[in-house]
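Some labels attached to a structure need their criteria spelled out. Please go through a few of them.

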Amino acid sequence: MTGIVPFSLSANEKNRSFALTMIIPYLNAIYSVFSYEMRRDAGIMLNPPLPPAISIELSSICNLNCPECVTGAGLLKRKNDFMDYALAEKISAGIRRHTVSAWLYGQGEPMLHPRFFDTVKLFSGMNTVISTNGHFLDEASCLQLIRSGLRKVIISYDGATTEAYAAYRLGGDHARVTEGIKRLAEINKKNGSRLKIELQFLIHRYNEHEAGMAASFARSFGAGFKIKSMQVLDVTRAGEWMPSGSGKARYIETGGRWMAAPAPARGCMRMWTTPVITTDGDVLPCCFDKYAGHVMGNIRQQSLTEIWRSSKYANFRSDVMRSRNETEICLGCPQGRKLIFAD
């Protein structure tokens, strides 16, 4: 009796299949940008492909009380403080084929998640990035970070001294964060890890004089360093925080009144490229929708593909493309302006 020979791929076929799997997300990203530009500049209606980047909120709570943060100010209310692991599994499986980068943070501190490292591993291979306030970098956590498959860790470091740091990071421990950063850098180097470490300096009038010192600290162990302009919850308080000059401020003063600096009147690339999934599973159009006022669907009931290609999402994109003034979350959004600066 003749046996059945099982189908198998040759080594070359396997290599080609692997290469194709790796390149598809980048082709998807290129077409995303192309479809957006054609819609915005030529008026040609091309439906965007599935999003090449995605922000996934693992935690909606934080250990700090930063005054101009919706979470720190106690204004954010989600049903779930942490994203369910099963939901994260579903998201990971659904986005792997088309996603270039997964950002595992939102309005809270991701390292508070009870299954943080298990969840991070779900997104391994997707150029995964986290942003943390740096209070949980003990030796065990540092080792797990470099073995987790993360591409980059962004750590908030808003001052070279306790005084400058504490002006905004209420409840924070500057010494603990500083030591944690040094520990992560040392363990990263010792293990020959390719994990990128970047310190992010949220600039305001109480710490701007220490930006250079913070940058020198980052360079001392080979970390990246970026300055980020600051957002306030109420534009009338902008004058309390904005740094001197207007080069790194996202608000301007006119006639004694503060207002958001001008942004493009229409269109937004993020509508085509970067949705947000909250701890509750809600899919939002962007990170500026902090209170989830524009839920496009819920990933528990629908697939991301169904939500992304829905008429509700298409209509929202059309509204933003026609005029950002029609959508309240866009009014103070600086999308299209430079927000991140090198020292």
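The questions below set values against definitions.

This is a predicted model, in which local features need pLDDT of at least 70, side-chain atom pairs count only at pLDDT 80 or more, and totals for chains, interfaces and linings use all residues. Residues are numbered from 1 along each chain as its sequence is written, and side-chain values use heavy atoms, with hydrogens and water left out.

Q: Why is D158 called buried?
A: Buried means under 20% relative accessible area, exposed over 50%, and partly exposed in between (1.4 Å probe, protein chains only). D158 has a relative accessible area of 0%, so the term buried applies.

Q: What makes R169 and D158 a salt bridge?
A: The term requires a side-chain nitrogen of Lys or Arg within 4 Å of a carboxyl oxygen of Asp or Glu. The closest N and O atoms of R169 and D158 are 2.5 Å apart, which meets that cut-off. R169 lies in the loop between α5 (162-166) and α6, and D158 in the loop between β4 (152-156) and α5, so the pair ties together parts that are eleven residues apart in sequence. Helices (H or I, at least four residues) and strands (E, at least two) are DSSP runs, numbered from the N terminus.

Q: Why is D41 called exposed?
A: D41 has 53% relative accessibility, and the cut-off is over 50%, so D41 counts as exposed. Its salt-bridge partner R40 has 27% and is therefore partly exposed.

Q: How do you know that the buried residues of α4 line one face of the helix?
A: Helix α4 (residues 139-147) has S141, C142, L145 and I146 as its buried residues. Seen down the axis of α4, they fall within an arc of 130 degrees (taken from the directions from the helix axis to the C-beta atoms), so they line one face.
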